[in-house]
Amino acid sequence: MTGSVLEVKDLRTSFFTPDGEIPAVDGVKFHLKEGEILGIVGESGCGKSVTSLSIMGLVPAQNGKIVGGEILFRNEDLTKVSAKRMREIRGNDIAMIYQEPMSSLNPVFTIGNQLMEAIRTHAKMSKQEALKMAVDILKRVGLPRAEELIHSYPHQLSGGMCQRVMIAMALVCEPQVLIADEPTTALDVTIQAQILDLMKKLNEELKTSIILITHDLGVVAEVCDRVAVMYAGKIVEEGFVNDIFQLPKHPYTIGLIKSIPDVRFKKRKLYSIPGSVPKPGTLKQGCLFAPRCLHAFDRCHKATPEMVAASPSHGVRCFLHASQEEGQYGGNLIKS
Amino acid sequence: MTYIIRRFILLFVTLIFISVITFLVFQILPGDPVRTILGPEAEEVQVETLRRQMGLDKPAHVQYLNLVQGFFQGDMGDSIRFSRPVTSLIMERLPITISLAMFSLIIVIFVAIPLGIFTARRENKWSDFLLSSFTQLGMAIPTFFVGMMLILFIGMTFSFFSTGGYVPWSESVAGAIGSLALPALTIALPQIAISFRYARNAILEQSKLDYVRTARGKGLTEAVVVYKHVLKNSMIPVLTVFGLILAEVIAGTIVVEQVFSLPGIGRLLITAVSYRDFPVVQGIVLYIAFVVVLINFIVDILYTVLDPRIRLKE
Ligand SMILES: Nc1ncnc2c1ncn2[C@@H]1O[C@H](COP(=O)(O)OP(=O)(O)O)[C@@H](O)[C@H]1O
Ligand code: SF4
Ligand SMILES: [Mg+2]
């Protein structure tokens, strides 16, 4: 069994508002293997960003909190480490890039300043060395005229360039895990493809393990090895990309696959799953997908389905498939 | 670059505008300066002679141009009361008022910004309540009252602080500080009450933005996140407020110089007004207007230092 770099076990992250607790992430469990690209896919509001922020220890502290579970990074539980240790890990071992590249860079400091800061936070080196490294990494992510770019400010760059800078900034300390939260959603289609290619290339060259978060299964098909489908704060299906695309089990996954835009039929109206993601905490009972599910039956409204193994490497959380399994789906049963 | 040029043109236009308004106000104002000087029993011939000497018989636009020319040549006519050039009267008192204003501004900056940061980091209902009460109080209490309280409770207790009069810097630095500290604090207190909230809100607002999360995501310490990333961005809106505050501070010197018997521009102005010393009043009004416009210009320049989006805009 190849080791997992990262294992998330029954993670629960909630926000506390005047209206009560909002369980944005409610028992998420997945693992990320050495060198793989894992896709996490789900509609907006499913809890993908909150999951990634939980891993980074960046859940907004005013009202958010990890209330349960473990996040094991090389067997070290990130939910329990000190703030100081977490700072050592952040940016150095685990790095993250965000959905909005333009606003994710500080407008009043140069690209060079922000890159060198990332370098010098974790490695003791002189300004000159850091500068050289910053220029190198900018070239590496495919940015032209890196020497000039170093002196530019974010507002002088396009969205695609900013995202490349963000990737450069995330990779500069050669992290073992890169979390990319919808890295291409804010970019147009051609740039989107370039950024995905770049991530794939860096994954191969640097052996960085990547969690790629997206609401677009098309993106997953292009770059990921495995995929976890998330719905309303839980993983509802998980497996190798091929298995999921060829034999999707969960009605939600099937709906998502149907909604992938097909380039051959540009004019055709896109399919979309009727209804919308329930606000976390609003459904007290039953399968959270039941209100939107075409296959829902009595049991779905009464009990919550558990994750079961459709195959050793394919888990699904749906009563339609509950009869096939033997025991609980472990996630770790997956053969390498 | 073009930004600075545009601001410079604006500065110029504003100065013309202000000088015209000042000029017109003194034209409309009741009371004839010539008769004020000569007294009610003066003869018509005397009046006419003096009017000609002072150039007040000329058409309005010529008078205006003379005023402008005089302003730049440092010749604003003579004081009626002191029979001395207005310019030298102002220049003698200027160092006191400028010291006082700068001293106040420094107090405001060095209290309001740290207080803003401190309170922004502890955001909850109770602190919000306490802070807004403090702000209300700070704005509601009249300056002269604050001044008198400071004289009573601090000035009378610690001999370092003088409760009135001025010691020039050239004579004794400690003495100058001692004589300016309480009046400067008097001016500063209400301004702190106003401006620290701006600093606090700016910091709170900036703290929510995406780039702050990126900064934390790099593994930076809270100190670097706040004092480097958040603070520089927060200073952009705060700068606007400090421009206004400085104007308030200058206005504040007028009252406070009375309370603390400091022989500055403010006292000169009040004396001049009560004696209908028309050239002095006009000179001071122009001086204050000029300073305020200049401050705005400096603020505009400072924006370019803080914000590359303004500096590099076409
Ligand atoms: N700061 C917050 N306060 C309250 N609720 C939040 C906060 N951030 C996220 N949420 C809630 O958590 C849920 C999941 O959000 P998110 O993880 O951003 O979704 P996704 O990234 O999958 O689109 C949403 O229902 C959202 O309303
Ligand atoms: S458990 Fe029931 S409601 Fe939920 S996805 Fe399966 S069939 Fe649909
Ligand atoms: Mg999101």
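In this predicted model, the centres of domain 1 of chain B and domain 2 of chain B lie 32 Å apart, taken over C-alpha atoms. The assignment places domain 1 at 2–73 and domain 2 at 88–311 of chain B; such bounds come from an automatic or database domain assignment. Contact (heavy atoms within 4.5 Å) involves the residue counts below.

| Part | Residues in the contact |
|---|---|
| domain 1 of chain B | 17 residues |
| domain 2 of chain B | 18 residues |

Between the two domains about 1700 Å² is buried, with carbon and sulfur atoms giving 85% of that area. Buried area here is the accessible area (1.4 Å probe) that two parts lose on being put together, summed over both. Of the area that domain 1 of chain B buries against domain 2 of chain B, 34% is supplied by B:Tyr3, B:Phe26 and B:Phe71, more than by any other three residues.

The rule finds one salt bridge across this interface, a salt bridge being a side-chain nitrogen of Lys or Arg within 4 Å of a carboxyl oxygen of Asp or Glu. The side chains of B:Arg7 and B:Asp300 form a salt bridge with an N to O distance of 3.3 Å.

On the side of domain 1 that touches domain 2, α1 (2–28), α2 (33–38) and α4 (60–73) of chain B each supply at least two residues. Helices are DSSP runs (H or I, at least four residues), numbered from the N terminus. The largest share, 12 residues, comes from α1(B).

Residues are numbered from 1 along each chain as its sequence is written, and chains are lettered from A in the order in which they are written. Local features need pLDDT of at least 70, side-chain atom pairs count only at pLDDT 80 or more, and totals for interfaces use all residues, while side-chain values use heavy atoms, without hydrogens and water.
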